[in-house]
Amino acid sequence: MSSELSPRGAAPAYDDAEKGVSEKVIVYPVEKKALTYPADEKKDLFVSEKKDVTAFQQPQVKRDPYALQKGAPKKKTSKVIIAKLWYNTYRKLFTIAFSINMIMFGFAVSGHWPYAVKFAGAFAVANFNVSILVRNEIFGRILYWLVNTLFAKWPPLWWRLGCTSVLQHLGGIHTGCAVSGIIWLTLKVVNTWRNHINENNAILVVGIFTNVAVIVTAVAAFPWVRNTHHNVFERHHRFVGWTALFLTWAFTIMGDIYNPTTRSWVPDGRHLVRQQDFWYVMGMTTWIVLPWICTREVPVDIELPSPKVAIVRFRRGMQQGLLGRISRSAVKEYHAFGIISEGPHAKYHYMICGVQGDFTRSLVNDPPRTLWTRELKFAGVSNTSTLYKRGIRICTGTGIGAALSTCIQSPYWFLIWIGSDQEKTFGPTISGLIHRHIEPERLVLWDSKVRGGRPDTMKLLRDVYKSWNAEVVFITSNYIGNSEMMEGCKEAGIPCFGTLWDF
(Lines give C-alpha, C1' and ligand atoms only; values in the text may rest on other atoms or scores of the structure.)
Protein backbone atom coordinates (compact mmCIF):
# COMPACT_ATOMS: atom_id res chain seq x y z
CA MET A 1 0.00 0.00 0.00
CA SER A 2 2.51 -12.18 1.60
CA SER A 3 3.60 -17.32 1.62
CA GLU A 4 5.21 -20.15 3.25
CA LEU A 5 4.14 -20.41 6.87
CA SER A 6 6.93 -19.53 9.27
CA PRO A 7 7.24 -20.01 13.03
CA ARG A 8 5.39 -17.57 15.22
CA GLY A 9 7.37 -14.37 15.56
CA ALA A 10 8.53 -11.51 13.37
CA ALA A 11 7.01 -11.81 9.92
CA PRO A 12 9.36 -12.47 6.98
CA ALA A 13 10.01 -9.90 4.29
CA TYR A 14 8.20 -9.98 0.94
CA ASP A 15 9.82 -12.19 -1.67
CA ASP A 16 10.42 -11.26 -5.32
CA ALA A 17 7.20 -12.73 -6.59
CA GLU A 18 5.16 -10.86 -4.01
CA LYS A 19 6.85 -7.61 -5.03
CA GLY A 20 5.99 -8.41 -8.63
CA VAL A 21 9.55 -8.55 -9.93
CA SER A 22 9.91 -12.25 -10.73
CA GLU A 23 10.11 -13.09 -14.45
CA LYS A 24 8.71 -16.66 -14.68
CA VAL A 25 5.51 -17.20 -16.70
CA ILE A 26 3.08 -19.89 -15.54
CA VAL A 27 -0.64 -20.28 -16.23
CA TYR A 28 -2.51 -20.68 -12.94
CA PRO A 29 -6.17 -21.70 -12.41
CA VAL A 30 -7.97 -20.05 -9.49
CA GLU A 31 -9.12 -22.54 -6.88
CA LYS A 32 -12.11 -21.77 -4.65
CA LYS A 33 -12.05 -22.67 -0.96
CA ALA A 34 -14.58 -22.87 1.83
CA LEU A 35 -15.08 -19.91 4.14
CA THR A 36 -13.45 -19.73 7.57
CA TYR A 37 -16.23 -17.55 8.95
CA PRO A 38 -19.91 -18.32 8.48
CA ALA A 39 -21.30 -16.60 5.41
CA ASP A 40 -23.98 -13.98 5.77
CA GLU A 41 -27.48 -15.26 5.12
CA LYS A 42 -28.04 -13.32 1.91
CA LYS A 43 -26.97 -15.07 -1.24
CA ASP A 44 -27.08 -12.47 -3.99
CA LEU A 45 -27.27 -8.75 -3.28
CA PHE A 46 -27.95 -7.57 -6.80
CA VAL A 47 -30.30 -9.96 -8.57
CA SER A 48 -32.55 -7.12 -9.70
CA GLU A 49 -29.69 -4.83 -10.69
CA LYS A 50 -27.74 -7.06 -13.06
CA LYS A 51 -27.46 -6.02 -16.67
CA ASP A 52 -26.26 -7.79 -19.75
CA VAL A 53 -22.69 -6.72 -20.29
CA THR A 54 -19.98 -7.82 -22.64
CA ALA A 55 -17.85 -10.18 -20.58
CA PHE A 56 -14.18 -9.30 -20.47
CA GLN A 57 -12.26 -12.32 -21.76
CA GLN A 58 -8.54 -12.65 -21.38
CA PRO A 59 -7.21 -13.92 -24.73
CA GLN A 60 -6.41 -17.63 -24.68
CA VAL A 61 -2.91 -17.87 -26.15
CA LYS A 62 0.16 -19.80 -25.21
CA ARG A 63 2.02 -16.78 -23.89
CA ASP A 64 0.13 -14.70 -21.37
CA PRO A 65 -0.71 -11.51 -23.31
CA TYR A 66 -0.66 -9.41 -20.15
CA ALA A 67 2.59 -10.71 -18.70
CA LEU A 68 5.29 -8.06 -18.50
CA GLN A 69 7.89 -8.96 -21.11
CA LYS A 70 11.38 -9.63 -19.82
CA GLY A 71 13.81 -6.88 -20.69
CA ALA A 72 11.14 -4.62 -22.11
CA PRO A 73 12.30 -0.98 -21.85
CA LYS A 74 10.28 1.18 -19.51
CA LYS A 75 8.40 3.90 -21.33
CA LYS A 76 9.34 7.37 -20.16
CA THR A 77 6.51 9.59 -19.01
CA SER A 78 6.42 13.10 -20.43
CA LYS A 79 7.37 15.94 -18.12
CA VAL A 80 4.00 17.56 -18.79
CA ILE A 81 2.16 14.54 -17.37
CA ILE A 82 4.46 14.42 -14.34
CA ALA A 83 3.93 18.14 -13.74
CA LYS A 84 0.14 17.78 -13.97
CA LEU A 85 0.16 14.90 -11.50
CA TRP A 86 2.41 16.81 -9.11
CA TYR A 87 0.30 19.98 -9.21
CA ASN A 88 -2.85 18.10 -8.31
CA THR A 89 -6.04 19.38 -6.69
CA TYR A 90 -4.42 19.13 -3.26
CA ARG A 91 -1.75 21.66 -4.20
CA LYS A 92 -4.28 23.80 -6.07
CA LEU A 93 -6.49 24.06 -2.99
CA PHE A 94 -3.41 24.79 -0.87
CA THR A 95 -2.43 27.55 -3.30
CA ILE A 96 -5.90 29.12 -3.18
CA ALA A 97 -6.17 29.07 0.63
CA PHE A 98 -2.61 30.24 1.19
CA SER A 99 -2.69 32.94 -1.50
CA ILE A 100 -5.91 34.51 -0.21
CA ASN A 101 -4.39 34.71 3.25
CA MET A 102 -1.10 36.12 2.03
CA ILE A 103 -2.87 38.85 0.06
CA MET A 104 -4.71 39.87 3.24
CA PHE A 105 -1.50 39.54 5.25
CA GLY A 106 0.31 41.80 2.78
CA PHE A 107 -2.31 44.53 3.19
CA ALA A 108 -2.02 44.17 6.97
CA VAL A 109 1.78 44.43 7.33
CA SER A 110 1.99 47.23 4.75
CA GLY A 111 -0.29 49.38 6.90
CA HIS A 112 -3.24 49.38 4.49
CA TRP A 113 -5.51 47.28 6.69
CA PRO A 114 -5.34 48.28 10.37
CA TYR A 115 -8.28 46.02 11.22
CA ALA A 116 -6.26 42.89 10.30
CA VAL A 117 -3.34 44.10 12.42
CA LYS A 118 -5.58 44.73 15.43
CA PHE A 119 -7.31 41.36 15.11
CA ALA A 120 -4.40 39.23 13.85
CA GLY A 121 -5.18 36.69 16.58
CA ALA A 122 -8.73 36.29 15.25
CA PHE A 123 -7.38 35.72 11.72
CA ALA A 124 -5.05 33.05 13.13
CA VAL A 125 -7.68 31.06 15.01
CA ALA A 126 -10.18 31.48 12.14
CA ASN A 127 -7.68 29.73 9.85
CA PHE A 128 -7.05 27.01 12.44
CA ASN A 129 -10.81 26.59 12.76
CA VAL A 130 -11.23 25.91 9.02
CA SER A 131 -8.12 23.72 8.93
CA ILE A 132 -9.44 21.44 11.68
CA LEU A 133 -13.00 21.45 10.34
CA VAL A 134 -12.12 20.04 6.91
CA ARG A 135 -10.24 17.22 8.65
CA ASN A 136 -13.17 16.44 10.95
CA GLU A 137 -14.52 12.97 10.14
CA ILE A 138 -18.15 13.88 10.80
CA PHE A 139 -17.93 16.95 8.55
CA GLY A 140 -16.27 14.81 5.88
CA ARG A 141 -19.02 12.19 5.99
CA ILE A 142 -21.65 14.92 5.60
CA LEU A 143 -19.83 16.38 2.59
CA TYR A 144 -19.51 12.97 0.90
CA TRP A 145 -23.18 12.20 1.61
CA LEU A 146 -24.33 15.51 0.10
CA VAL A 147 -22.23 15.10 -3.04
CA ASN A 148 -23.20 11.44 -3.53
CA THR A 149 -26.88 12.28 -3.03
CA LEU A 150 -27.03 15.34 -5.26
CA PHE A 151 -24.73 14.38 -8.14
CA ALA A 152 -25.01 10.60 -8.61
CA LYS A 153 -24.61 9.71 -12.29
CA TRP A 154 -26.68 12.49 -13.94
CA PRO A 155 -24.27 15.50 -14.22
CA PRO A 156 -21.56 15.67 -16.91
CA LEU A 157 -18.56 13.44 -16.23
CA TRP A 158 -16.18 16.40 -15.78
CA TRP A 159 -18.35 17.69 -12.93
CA ARG A 160 -18.46 14.33 -11.14
CA LEU A 161 -14.69 13.89 -11.56
CA GLY A 162 -14.22 17.36 -10.11
CA CYS A 163 -16.39 16.51 -7.09
CA THR A 164 -14.33 13.38 -6.40
CA SER A 165 -11.08 15.28 -6.80
CA VAL A 166 -12.06 18.07 -4.40
CA LEU A 167 -13.34 15.63 -1.77
CA GLN A 168 -10.19 13.51 -2.01
CA HIS A 169 -7.89 16.53 -1.73
CA LEU A 170 -9.55 18.52 1.05
CA GLY A 171 -6.20 18.21 2.81
CA GLY A 172 -5.01 21.10 0.63
CA ILE A 173 -7.38 23.43 2.48
CA HIS A 174 -6.28 21.86 5.77
CA THR A 175 -2.60 22.60 5.19
CA GLY A 176 -3.14 25.94 3.46
CA CYS A 177 -5.17 27.33 6.34
CA ALA A 178 -2.88 25.77 8.97
CA VAL A 179 0.28 27.38 7.52
CA SER A 180 -1.55 30.68 7.09
CA GLY A 181 -2.78 30.51 10.69
CA ILE A 182 0.80 30.09 11.91
CA ILE A 183 1.83 33.22 10.00
CA TRP A 184 -1.06 35.26 11.43
CA LEU A 185 -0.28 33.96 14.92
CA THR A 186 3.35 34.99 14.50
CA LEU A 187 2.19 38.48 13.55
CA LYS A 188 0.04 38.60 16.69
CA VAL A 189 2.97 37.57 18.90
CA VAL A 190 5.33 40.06 17.21
CA ASN A 191 2.80 42.87 17.73
CA THR A 192 2.46 41.85 21.38
CA TRP A 193 6.24 42.04 21.77
CA ARG A 194 6.41 45.44 20.04
CA ASN A 195 3.80 46.74 22.47
CA HIS A 196 5.28 44.95 25.47
CA ILE A 197 5.45 48.21 27.44
CA ASN A 198 1.65 48.24 27.59
CA GLU A 199 1.10 44.47 27.48
CA ASN A 200 1.43 42.06 30.37
CA ASN A 201 4.56 39.90 30.13
CA ALA A 202 2.51 36.77 30.85
CA ILE A 203 0.55 37.27 27.61
CA LEU A 204 3.77 37.50 25.61
CA VAL A 205 5.20 34.33 27.20
CA VAL A 206 2.02 32.33 26.57
CA GLY A 207 1.90 33.64 22.99
CA ILE A 208 5.46 32.46 22.30
CA PHE A 209 4.75 29.01 23.74
CA THR A 210 1.56 28.80 21.67
CA ASN A 211 3.42 29.72 18.49
CA VAL A 212 6.15 27.13 19.12
CA ALA A 213 3.62 24.39 19.91
CA VAL A 214 1.65 25.08 16.72
CA ILE A 215 4.81 25.05 14.58
CA VAL A 216 5.92 21.71 16.06
CA THR A 217 2.44 20.30 15.38
CA ALA A 218 2.64 21.41 11.74
CA VAL A 219 6.20 20.15 11.14
CA ALA A 220 5.26 16.73 12.54
CA ALA A 221 2.61 16.45 9.81
CA PHE A 222 5.03 16.85 6.89
CA PRO A 223 4.55 13.88 4.51
CA TRP A 224 8.14 12.64 4.90
CA VAL A 225 7.64 12.53 8.68
CA ARG A 226 4.23 10.88 8.80
CA ASN A 227 5.03 8.34 6.08
CA THR A 228 8.37 7.18 7.50
CA HIS A 229 7.92 7.81 11.24
CA HIS A 230 4.23 7.31 11.93
CA ASN A 231 4.51 7.18 15.72
CA VAL A 232 6.61 10.35 15.79
CA PHE A 233 4.01 12.09 13.65
CA GLU A 234 1.12 10.91 15.78
CA ARG A 235 2.64 11.75 19.16
CA HIS A 236 3.65 15.25 18.14
CA HIS A 237 0.72 16.13 15.87
CA ARG A 238 -1.84 14.88 18.39
CA PHE A 239 -0.40 15.51 21.84
CA VAL A 240 1.55 18.68 21.04
CA GLY A 241 -1.51 19.76 19.06
CA TRP A 242 -3.71 19.32 22.12
CA THR A 243 -1.18 21.30 24.14
CA ALA A 244 -1.33 24.03 21.49
CA LEU A 245 -5.14 24.09 21.83
CA PHE A 246 -4.94 24.68 25.61
CA LEU A 247 -2.30 27.37 25.09
CA THR A 248 -4.46 28.99 22.41
CA TRP A 249 -7.33 29.16 24.89
CA ALA A 250 -5.02 30.79 27.44
CA PHE A 251 -3.53 33.23 24.92
CA THR A 252 -6.97 34.20 23.60
CA ILE A 253 -8.65 34.68 26.96
CA MET A 254 -5.70 36.57 28.48
CA GLY A 255 -5.54 38.88 25.47
CA ASP A 256 -9.29 39.54 25.57
CA ILE A 257 -9.58 40.33 29.27
CA TYR A 258 -6.43 42.48 29.58
CA ASN A 259 -6.82 46.23 29.02
CA PRO A 260 -3.51 47.67 27.69
CA THR A 261 -4.73 51.23 28.22
CA THR A 262 -5.20 50.83 31.97
CA ARG A 263 -2.67 47.97 32.19
CA SER A 264 -5.12 45.92 34.22
CA TRP A 265 -7.08 42.65 33.98
CA VAL A 266 -10.82 42.98 33.34
CA PRO A 267 -12.35 39.51 33.89
CA ASP A 268 -15.70 40.32 32.30
CA GLY A 269 -17.43 37.22 30.92
CA ARG A 270 -19.92 39.24 28.89
CA HIS A 271 -17.07 41.09 27.18
CA LEU A 272 -15.25 37.80 26.54
CA VAL A 273 -18.13 36.06 24.74
CA ARG A 274 -18.52 39.07 22.44
CA GLN A 275 -15.02 38.52 21.00
CA GLN A 276 -14.82 36.74 17.66
CA ASP A 277 -11.60 34.91 18.50
CA PHE A 278 -13.29 33.31 21.53
CA TRP A 279 -15.87 31.62 19.27
CA TYR A 280 -13.27 30.58 16.72
CA VAL A 281 -11.35 28.75 19.45
CA MET A 282 -14.63 27.23 20.66
CA GLY A 283 -15.17 25.91 17.13
CA MET A 284 -11.64 24.46 17.02
CA THR A 285 -12.27 22.66 20.29
CA THR A 286 -15.59 21.26 19.10
CA TRP A 287 -14.15 19.87 15.85
CA ILE A 288 -11.27 18.22 17.76
CA VAL A 289 -13.45 16.66 20.47
CA LEU A 290 -16.32 15.36 18.30
CA PRO A 291 -14.55 12.34 16.70
CA TRP A 292 -13.25 11.19 20.09
CA ILE A 293 -16.81 10.96 21.41
CA CYS A 294 -17.29 8.07 18.96
CA THR A 295 -14.27 6.10 20.26
CA ARG A 296 -15.09 2.66 21.67
CA GLU A 297 -13.32 -0.58 22.66
CA VAL A 298 -14.93 -3.36 20.63
CA PRO A 299 -14.52 -7.16 20.45
CA VAL A 300 -12.72 -8.52 17.39
CA ASP A 301 -11.89 -11.87 15.84
CA ILE A 302 -8.55 -12.19 14.08
CA GLU A 303 -7.80 -14.71 11.35
CA LEU A 304 -4.16 -15.37 10.45
CA PRO A 305 -4.11 -16.95 6.99
CA SER A 306 -0.36 -16.30 6.71
CA PRO A 307 2.40 -14.80 8.85
CA LYS A 308 2.19 -11.56 6.87
CA VAL A 309 -1.51 -10.75 7.06
CA ALA A 310 -4.10 -10.40 9.81
CA ILE A 311 -7.79 -10.34 8.90
CA VAL A 312 -9.63 -8.43 11.63
CA ARG A 313 -13.37 -9.08 11.86
CA PHE A 314 -15.77 -6.63 13.52
CA ARG A 315 -19.49 -6.88 14.15
CA ARG A 316 -22.05 -5.04 11.95
CA GLY A 317 -21.97 -4.16 8.28
CA MET A 318 -20.85 -0.97 6.56
CA GLN A 319 -21.50 0.93 3.37
CA GLN A 320 -18.74 0.83 0.77
CA GLY A 321 -15.83 3.25 0.52
CA LEU A 322 -15.12 3.71 4.23
CA LEU A 323 -11.93 3.45 6.28
CA GLY A 324 -11.50 2.90 9.98
CA ARG A 325 -8.86 3.67 12.59
CA ILE A 326 -7.87 1.02 15.12
CA SER A 327 -5.50 0.91 18.08
CA ARG A 328 -4.66 -1.12 21.16
CA SER A 329 -4.83 2.11 23.16
CA ALA A 330 -7.65 4.59 23.61
CA VAL A 331 -5.65 7.68 22.64
CA LYS A 332 -2.49 6.74 20.74
CA GLU A 333 -1.07 4.72 17.85
CA TYR A 334 -4.16 4.73 15.65
CA HIS A 335 -3.76 3.21 12.20
CA ALA A 336 -6.20 3.49 9.30
CA PHE A 337 -7.29 0.55 7.13
CA GLY A 338 -9.85 0.04 4.40
CA ILE A 339 -13.11 -1.65 5.39
CA ILE A 340 -14.55 -4.69 3.60
CA SER A 341 -18.26 -5.35 4.04
CA GLU A 342 -21.09 -6.93 2.10
CA GLY A 343 -23.37 -4.02 2.96
CA PRO A 344 -24.87 -1.98 5.82
CA HIS A 345 -27.07 -4.90 6.89
CA ALA A 346 -24.32 -7.55 6.89
CA LYS A 347 -23.26 -9.29 10.08
CA TYR A 348 -19.59 -8.32 9.87
CA HIS A 349 -17.03 -6.00 8.37
CA TYR A 350 -13.33 -6.75 7.96
CA MET A 351 -9.96 -5.01 7.82
CA ILE A 352 -6.87 -6.45 6.12
CA CYS A 353 -3.73 -5.56 8.06
CA GLY A 354 -0.50 -6.39 6.24
CA VAL A 355 2.60 -6.66 8.41
CA GLN A 356 4.62 -3.48 7.84
CA GLY A 357 5.43 -2.09 11.29
CA ASP A 358 5.29 -2.75 15.02
CA PHE A 359 1.53 -2.34 15.31
CA THR A 360 0.53 -4.65 12.46
CA ARG A 361 3.22 -7.15 13.45
CA SER A 362 1.72 -7.29 16.95
CA LEU A 363 -1.66 -8.25 15.46
CA VAL A 364 -0.02 -11.37 14.02
CA ASN A 365 2.33 -12.20 16.88
CA ASP A 366 -0.07 -11.37 19.72
CA PRO A 367 -3.67 -11.21 18.40
CA PRO A 368 -5.88 -9.09 20.69
CA ARG A 369 -9.46 -9.90 21.70
CA THR A 370 -10.50 -6.23 21.61
CA LEU A 371 -9.37 -3.10 19.78
CA TRP A 372 -10.14 0.58 20.13
CA THR A 373 -11.83 2.20 17.14
CA ARG A 374 -13.95 5.16 16.19
CA GLU A 375 -17.43 3.84 15.53
CA LEU A 376 -18.06 6.60 12.99
CA LYS A 377 -15.80 5.70 10.06
CA PHE A 378 -14.37 8.22 7.63
CA ALA A 379 -14.96 8.26 3.89
CA GLY A 380 -12.33 7.55 1.26
CA VAL A 381 -12.25 8.19 -2.47
CA SER A 382 -14.13 4.93 -3.17
CA ASN A 383 -17.16 6.37 -1.38
CA THR A 384 -17.76 8.53 -4.46
CA SER A 385 -18.11 5.43 -6.68
CA THR A 386 -21.87 6.01 -6.60
CA LEU A 387 -21.31 9.10 -8.78
CA TYR A 388 -20.29 6.93 -11.74
CA LYS A 389 -22.22 4.62 -14.05
CA ARG A 390 -19.33 2.16 -14.38
CA GLY A 391 -15.84 2.02 -13.00
CA ILE A 392 -12.72 -0.06 -12.40
CA ARG A 393 -11.17 -0.69 -8.99
CA ILE A 394 -7.56 -1.83 -9.34
CA CYS A 395 -5.41 -2.68 -6.33
CA THR A 396 -2.27 -4.54 -5.33
CA GLY A 397 -1.61 -6.67 -2.25
CA THR A 398 -3.35 -5.48 0.90
CA GLY A 399 -4.94 -2.66 -1.11
CA ILE A 400 -7.82 -5.10 -1.62
CA GLY A 401 -9.00 -3.94 1.81
CA ALA A 402 -9.87 -0.50 0.47
CA ALA A 403 -11.18 -1.73 -2.89
CA LEU A 404 -13.28 -4.83 -2.34
CA SER A 405 -16.42 -3.33 -0.77
CA THR A 406 -17.06 -1.11 -3.79
CA CYS A 407 -17.10 -4.12 -6.13
CA ILE A 408 -19.11 -6.27 -3.73
CA GLN A 409 -21.83 -3.67 -3.18
CA SER A 410 -22.12 -2.45 -6.76
CA PRO A 411 -22.50 -4.66 -9.85
CA TYR A 412 -21.20 -1.84 -12.03
CA TRP A 413 -17.63 -1.93 -10.77
CA PHE A 414 -14.86 -4.17 -12.16
CA LEU A 415 -12.18 -5.53 -9.79
CA ILE A 416 -8.54 -6.07 -10.78
CA TRP A 417 -6.45 -7.46 -7.92
CA ILE A 418 -2.71 -7.96 -8.43
CA GLY A 419 -1.07 -9.91 -5.63
CA SER A 420 0.97 -12.93 -4.70
CA ASP A 421 -0.65 -16.28 -3.91
CA GLN A 422 -3.84 -14.50 -2.86
CA GLU A 423 -5.76 -17.61 -1.81
CA LYS A 424 -3.05 -18.74 0.59
CA THR A 425 -1.83 -15.34 1.72
CA PHE A 426 -5.20 -13.71 2.40
CA GLY A 427 -7.18 -16.81 3.29
CA PRO A 428 -10.58 -18.26 2.40
CA THR A 429 -12.58 -15.46 4.03
CA ILE A 430 -11.46 -12.83 1.54
CA SER A 431 -11.51 -15.28 -1.37
CA GLY A 432 -15.01 -16.35 -0.39
CA LEU A 433 -16.28 -12.77 -0.36
CA ILE A 434 -14.85 -12.23 -3.83
CA HIS A 435 -16.20 -15.40 -5.42
CA ARG A 436 -19.64 -15.12 -3.79
CA HIS A 437 -20.35 -11.58 -4.90
CA ILE A 438 -18.22 -10.73 -7.95
CA GLU A 439 -19.06 -12.47 -11.20
CA PRO A 440 -16.22 -13.70 -13.46
CA GLU A 441 -17.09 -11.15 -16.16
CA ARG A 442 -16.08 -8.30 -13.84
CA LEU A 443 -13.08 -9.82 -12.12
CA VAL A 444 -9.37 -10.28 -12.87
CA LEU A 445 -7.19 -11.89 -10.19
CA TRP A 446 -3.50 -11.73 -11.11
CA ASP A 447 -1.27 -14.00 -9.02
CA SER A 448 2.23 -12.65 -9.59
CA LYS A 449 3.85 -15.62 -7.85
CA VAL A 450 2.22 -18.22 -10.04
CA ARG A 451 2.09 -16.20 -13.25
CA GLY A 452 5.73 -15.24 -13.00
CA GLY A 453 5.63 -11.58 -12.11
CA ARG A 454 3.66 -8.40 -12.55
CA PRO A 455 1.33 -7.88 -15.49
CA ASP A 456 1.59 -5.18 -18.11
CA THR A 457 -0.75 -3.15 -15.97
CA MET A 458 -1.57 -0.45 -18.48
CA LYS A 459 -2.35 -2.92 -21.27
CA LEU A 460 -4.68 -4.76 -18.89
CA LEU A 461 -6.28 -1.51 -17.71
CA ARG A 462 -6.81 -0.17 -21.22
CA ASP A 463 -8.48 -3.37 -22.40
CA VAL A 464 -10.74 -3.63 -19.35
CA TYR A 465 -11.56 0.09 -19.50
CA LYS A 466 -12.72 -0.26 -23.11
CA SER A 467 -14.54 -3.58 -22.64
CA TRP A 468 -16.32 -2.50 -19.43
CA ASN A 469 -17.26 0.96 -20.76
CA ALA A 470 -15.87 2.44 -17.56
CA GLU A 471 -15.93 6.13 -16.70
CA VAL A 472 -13.18 6.18 -14.09
CA VAL A 473 -10.42 4.11 -12.46
CA PHE A 474 -9.67 4.07 -8.71
CA ILE A 475 -6.16 2.87 -7.78
CA THR A 476 -4.84 1.53 -4.47
CA SER A 477 -1.19 0.47 -4.58
CA ASN A 478 2.24 1.24 -3.17
CA TYR A 479 4.04 4.43 -4.15
CA ILE A 480 5.77 3.04 -7.24
CA GLY A 481 2.77 1.09 -8.51
CA ASN A 482 0.46 4.03 -7.92
CA SER A 483 2.77 6.42 -9.79
CA GLU A 484 3.13 4.09 -12.78
CA MET A 485 -0.62 3.56 -13.12
CA MET A 486 -1.47 7.23 -12.60
CA GLU A 487 1.05 8.28 -15.24
CA GLY A 488 -0.12 5.59 -17.64
CA CYS A 489 -3.79 6.49 -17.21
CA LYS A 490 -3.09 10.19 -17.71
CA GLU A 491 -1.23 9.50 -20.95
CA ALA A 492 -4.01 7.18 -22.14
CA GLY A 493 -6.70 9.75 -21.31
CA ILE A 494 -8.29 7.52 -18.67
CA PRO A 495 -9.75 9.44 -15.67
CA CYS A 496 -8.18 8.05 -12.51
CA PHE A 497 -7.68 8.65 -8.80
CA GLY A 498 -4.86 7.07 -6.82
CA THR A 499 -3.53 6.68 -3.33
CA LEU A 500 -2.55 9.91 -1.55
CA TRP A 501 0.67 10.54 0.38
CA ASP A 502 0.51 14.36 0.45
CA PHE A 503 -2.18 14.56 3.09
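This is a predicted model: local features need pLDDT of at least 70, side-chain atom pairs count only at pLDDT 80 or more; totals for chains, interfaces and linings use all residues.

Trainee: Okay, sheet to start with. What is the strand order in the open sheet of five strands, and how do they pair?

Mentor: The order is E13-E12-E11-E14-E15, and the pairing in this open sheet is parallel. Strand E13, residues 443-447, and strand E15, residues 496-497, stand at the edges with a single partner strand each, so one side of each has no neighbour in the sheet.

Trainee: How many bridges join E12 to E13?

Mentor: Five bridges join E13 to strand E12, which covers residues 413-419, and the two run parallel.

Trainee: Switching to helices, then. At what angle do H9 and H11 pack?

Mentor: Helix H9 (residues 201-219) and helix H11 (residues 230-257) pack at about 155°, and their axes are 8 Å apart. Angles over 145 degrees count as roughly antiparallel, and H9 and H11 are therefore described as roughly antiparallel to each other. The crossing in which H9 passes H11 is left-handed.

Trainee: Which residues make that contact between H9 and H11?

Mentor: On the H9 side they include Ala202, Val206, Phe209 and Ala213, while on the H11 side they include His236, Val240, Leu247 and Phe251. By class, the residues in the contact of H9 with H11 divide into 13 nonpolar, eight polar and no charged.

Trainee: You listed Ala202 there; is that residue buried or partly exposed?

Mentor: Ala202, which is found in helix H9, counts as partly exposed at 32% relative accessibility. Ala202 and Phe251 are 49 residues apart in sequence, and their C-alpha atoms are 9.2 Å apart in space.

Trainee: What about H6 and H7, at what angle do they pack?

Mentor: H6 and H7 pack at about 175°, with 11 Å between their axes, and they are therefore roughly antiparallel to each other. The residues that make this contact are Leu143, Tyr144 and Val147 of H6, together with Cys163, Leu167 and Gln168 of H7. In the contact of H6 with H7, five residues are nonpolar, one is polar and none is charged.

Trainee: Which loop does Lys153 lie in, and what is its phi?

Mentor: Lys153 lies in the loop between helix H6 (137-150) and helix H7 (157-168), and it has a positive phi of about 75° although it is not a glycine. With a relative accessible area of 34%, Lys153 is partly exposed. Arg263 also has a positive phi, near 55°, in a residue other than glycine, and Arg263 lies in the loop between strand E1 (258-259) and strand E2 (264-265).

Trainee: New topic: how many residues of strand E8 are buried?

Mentor: Strand E8, residues 348-354, is mostly covered, with seven of its seven residues buried. Both faces are covered, with Tyr348, Tyr350, Ile352 and Gly354 buried on one side and His349, Met351 and Cys353 buried on the other.

Trainee: Last one: where is Val331, and what does it touch?

Mentor: Val331 is in the loop between strand E6 (322-327) and E7, and at 36% relative accessibility it counts as partly exposed. Leaving out residues up to four places away in sequence, Val331 touches Arg238, Phe239 and Trp292. Val331 and Trp372 are 41 residues apart in sequence, with 8.8 Å between their C-alpha atoms in space.

Conventions. Residues are numbered from 1 along each chain as its sequence is written. Side-chain values use heavy atoms; hydrogens and water are left out. Two strands pair if DSSP finds at least two bridges between them. Helices (H or I, at least four residues) and strands (E, at least two) are DSSP runs, numbered from the N terminus. Axes are lines fitted to C-alpha atoms, for helices over the stretch in contact, and angles run from 0 to 180 degrees between N-to-C directions. Angles under 35 degrees count as roughly parallel, over 145 as roughly antiparallel, 65 to 115 as roughly perpendicular and the rest as oblique. A crossing is left-handed if the near helix is turned anticlockwise from the far one by less than a right angle, and right-handed if clockwise. Contact means heavy atoms within 4.5 Å. Ala, Val, Leu, Ile, Met, Phe, Trp, Tyr, Cys and Pro count as nonpolar, Asp, Glu, Lys and Arg as charged, and the others, Gly among them, as polar. Buried means under 20% relative accessible area, exposed over 50%, partly exposed in between (1.4 Å probe, protein chains only).
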